[in-house]
Amino acid sequence: MFRLFSTAIDVASGVFAVLPFLILLEILARRVIPSLPLKHLIGDGLLCCALTAALSVAGVPERLLLFLPAGLLLPLLFSPFQRLPHCAFYGLGLSLAVEALHLFSLRSSGLAGLCADTLGILAGYGLFRLFSALAPGVRSVCLLPDGSLERFPSLKKECAALTVSALAAALFLTPVMKGMFWSILL
């Protein structure tokens, strides 16, 4: 019971920690691209919250489950991730970055975490493929309109900006948020 409660505190801390980054990204996105669809921005927010929540949790089984939404949202938001190699390399690269950061933040790091994160992303991608097979219209629900990347080249860096925001929130703000939540609850 305590582990479940502790995981919930970790996830909530991660979600609240990423909010300042999301607000900043929203302001910048609206200045550069005023016609960005709302459903894409909501998807960006969900992806960033999912990544930060997954990065805030220490347990391997929890991380596998929490990386699953990111694997589902990536291909929904960004068309290059609708191909398995792109999604797999993203998952592996993100997992390697997380494990490297764990070494510097005195948290445990290892092969189990690397595998859990990557498998979580791949399981989410598998769900995307399943949903796409059942309902083909799902593939383009949150994608940007055709020609957006040509008109606004800065959108090519959108996924990287969301990932860096999630990593920064998880590394710098989440520990502060966890301490605040625990001091309120105890």
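Predicted model: local features only at pLDDT ≥ 70, side-chain atom pairs only at ≥ 80, totals over all residues.

Student: How are two packed helices described?

Tutor: The description uses the angle between their axes and the distance between the axes. Axes are lines fitted to C-alpha atoms, for helices over the stretch in contact, and angles run from 0 to 180 degrees between N-to-C directions. Helices are DSSP runs (H or I, at least four residues), as are strands (E, at least two), numbered from the N terminus.

Student: At what angle do helix 2 and helix 7 pack?

Tutor: Helix 2 (residues 38–56) and helix 7 (residues 158–185) pack at about 45°, and their axes are 8 Å apart. The two are therefore oblique to each other. Angles under 35 degrees count as roughly parallel, over 145 as roughly antiparallel, 65 to 115 as roughly perpendicular and the rest as oblique.

Student: Is that crossing left-handed or right-handed?

Tutor: Helix 2 passes helix 7 in a right-handed crossing. A crossing is left-handed if the near helix is turned anticlockwise from the far one by less than a right angle, and right-handed if clockwise.

Student: Which residues in helix 2 meet helix 7?

Tutor: From helix 2 they are H40, D44, L47, C48, L51, T52, L55 and S56. Their partners in helix 7 include E158, L162, A166, A170, T174 and K178. Contact means heavy atoms within 4.5 Å. By class, the contact of helix 2 with helix 7 has 9 nonpolar, 6 polar and 3 charged residues. Here Ala, Val, Leu, Ile, Met, Phe, Trp, Tyr, Cys and Pro count as nonpolar, Asp, Glu, Lys and Arg as charged, and the others, Gly among them, as polar.

Student: Let us stay with T52. Is T52 buried or exposed?

Tutor: T52, which is in helix 2, is buried, with a relative accessible area of 0%. Buried means under 20% relative accessible area, exposed over 50%, and partly exposed in between (1.4 Å probe, protein chains only).

Student: What does T52 touch?

Tutor: Not counting residues up to four places away in sequence, T52 touches G14, V18, A166, A169, A170 and T174.

Student: Where is F181, and which residues is F181 in contact with?

Tutor: F181 is also placed in helix 7. Leaving aside neighbours within four places in sequence, F181 is in contact with I9, A12, S13 and F16. F181 and A12 are 169 residues apart in sequence, and their C-alpha atoms are 8.8 Å apart in space.

Student: Changing topic, how do helix 4 and helix 5 cross?

Tutor: The axes of helix 4 (residues 84–104) and helix 5 (residues 111–134) come within 8 Å and cross at roughly 150°. Helix 4 and helix 5 are therefore roughly antiparallel to each other. Their crossing is right-handed. The residues of this contact divide into 11 nonpolar, 4 polar and 2 charged.

Student: How does helix 4 pack with helix 7?

Tutor: Helix 4 and helix 7 pack at about 25°, with axes 12 Å apart. That makes helix 4 roughly parallel to helix 7. Y90, L94, V98 and L101 of helix 4 make the contact with C159, T163, L167 and L171 of helix 7. By class there are 7 nonpolar, 1 polar and no charged residues.

How values were computed
Residues numbered from 1 in each chain as written. Heavy atoms only, no water.
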